[in-house]
Amino acid sequence: MSPRKLARAGVPMSASSRGLEGVVIGRSAITLVEGETGGLAYRGFRIAELVPGAPYESVIHLLLWGEPPSEQPPSRLSRELAGRRSLPRRLESLVDSVSPGLPPLEALRTMISAMGDGSFGYPPTVEQVFDLIARTPTMLTRYVRRSAGERAVAPRADLGHVANYLYMLEGVVPDPRKVRALEGYFVLLADHGMNASTFALRVVLSTNSDLVSAATAGLAALKGPLHGGAPAKVSDMLDGVGTPENAEKWIAQALARKERLMGFGHRAYKVEDPRAVILKQIAGEVADPARLALAERVESVALDALERQRAGRRLYTNVEYYGAVVLESVGLPRDLFTPTFALARTAGWGAHALEQAAENRLIRPDVEYVGPAPGRRWPERSAGAPPH
Ligand code: ACO
């Protein structure tokens, strides 16, 4: 008997799960997250197999079609993306009409939503996914540059996806070391199972709504500091600590104020986030040694303090911690950290959108009602009260 039928028959429904913790909401063949052991694999390929080395375009191919491309990077897919980087005039004017000076994340949410012109119907297509992946960096960088009073830099078709993002942002062909580091970040952040933003995207698509609406919902969910909004706060925390010698005092005071330490803890991982392990290695290659030493000291002090003060909670370093150090090191300003996370995640969103549509069923869970029992009487209207 279904839970609903059981409830109708007067049998109490099973206990609800706050935050859907531990609830399996469906099936997916895209990404395996092994929270207890710290495993993460895309289509069966562990992330350590992909980073360093796999171009982001190859990982897009893997996520969308389940197989690695026959050449690295895949020339057809790379051409498809490069060919879609330039914005149609309508989108250029739309980007230019967004008020300058907004936090780029706010602007990005508006701009992704503005991609919807009625042409993104249901079901989502691979071409629409390519548009989403290819155009978001162009919209974001155009907005950021214009906001700073600079001319937009047109995309270059001869650069890879990640190199072209940095190029459009800075107006110069980026240092290959920076590109390699950011490429690793993009690959590691490309997908992560049923995280909050992907779930939001799949809920929207399950109503037979379109990809752009679903991606807007995804970004809205990604934005919060309990999900993708944390990395800039990690950098703020490192600035706040200032020196390795100050770490003990700063962390103790923050925990005494009952603050959460940004970049630690994860709903899925009860061990170190495997992405953090690789991002730390990448940081080792590109970060300023003093900044890295500070980050390592703060991490070690924070882990000790969390172990002592939040015993049993199993709080370890998450992706955002060394993600922030890598993003800083490639020269991105803090207000671009979460937007950059979102750009990387468009690949995973696209793969999940196609998978959701391929075997769609409306996502519509139940809730355990805990309000008053039905049957209450509405108060009599007093004789002189005016009708509404
Ligand atoms: N610092 C201090 N205490 C923490 C932290 C932290 N970073 N994270 C969790 N806790 C504590 C909570 O206060 C709670 O304690 P309590 O039971 O005494 O109230 C306990 O650990 C469990 O926390 P929950 O919020 O129930 O854990 P949940 O699985 O819901 O949260 C989350 C995971 C949101 C990531 C949390 O660990 C957190 O807020 N971390 C800091 C923000 C952060 O790093 N966000 C990025 C996450 S990675 C990503 O989404 C890409």
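Predicted model: local features only at pLDDT ≥ 70, side-chain atom pairs only at ≥ 80, totals over all residues.

Reader: Which residues of α11 are buried, and what covers them?
Author: Buried means under 20% relative accessible area. In α11 the buried residues are Leu-211, Val-212, Ala-214, Ala-215, Thr-216, Gly-218, Leu-219 and Leu-222. Their cover includes α6 (104-114), α7 (126-147), α10 (196-206) and α17.

Reader: How many residues of α17 are buried?
Author: Helix α17 covers residues 337-358, which makes 22 residues. The helix is mostly covered. The buried count is 20 of 22.

Reader: Is Ala-373 buried or exposed?
Author: Ala-373 lies in the segment after α17. Its relative accessible area is 58%. Exposed means over 50%, so Ala-373 is exposed.

Reader: What is the C-alpha to C-alpha distance between Ala-373 and Gly-101?
Author: In sequence, Ala-373 and Gly-101 are 272 residues apart. In space, the C-alpha to C-alpha distance is 50 Å.

Reader: Are α3 and α4 roughly parallel or roughly perpendicular to each other?
Author: The axes of α3 (residues 56-65) and α4 (residues 75-83) come within 9 Å. They cross at roughly 100 degrees. Angles of 65 to 115 degrees count as roughly perpendicular, so α3 and α4 are roughly perpendicular.

Reader: Which residues make that contact between α3 and α4?
Author: By class, the contact has four nonpolar, two polar and one charged residues. From α4 come Leu-77, Ser-78 and Leu-81. From α3 come Glu-57, Ile-60, His-61 and Trp-65.

Reader: And are α3 and α9 roughly parallel or roughly perpendicular?
Author: The axes of α3 and α9 (residues 176-188) come within 9 Å and cross at roughly 10 degrees. Angles under 35 degrees count as roughly parallel. The two helices are therefore roughly parallel.

Reader: Which residues of α9 does α3 meet?
Author: On the α3 side, Tyr-56, Glu-57 and Val-59 take part. By class, the contact has four nonpolar, no polar and two charged residues. The α9 residues are Glu-183, Phe-186 and Val-187.

Key. Residues numbered from 1 in each chain as written. Heavy atoms only, no water. Axes fitted to C-alpha atoms, helices over the stretch in contact; angles between N-to-C directions. Helix = DSSP H or I, 4+ residues; strand = E, 2+ residues; numbered from the N terminus. Parallel < 35°, antiparallel > 145°, perpendicular 65-115°, else oblique. Contact = heavy atoms within 4.5 Å. Nonpolar A, V, L, I, M, F, W, Y, C, P; charged D, E, K, R; others polar. Expected span 1.5 Å × (residues − 1). Buried < 20%, exposed > 50% of the residue type's maximum accessible area, 1.4 Å probe, protein only.
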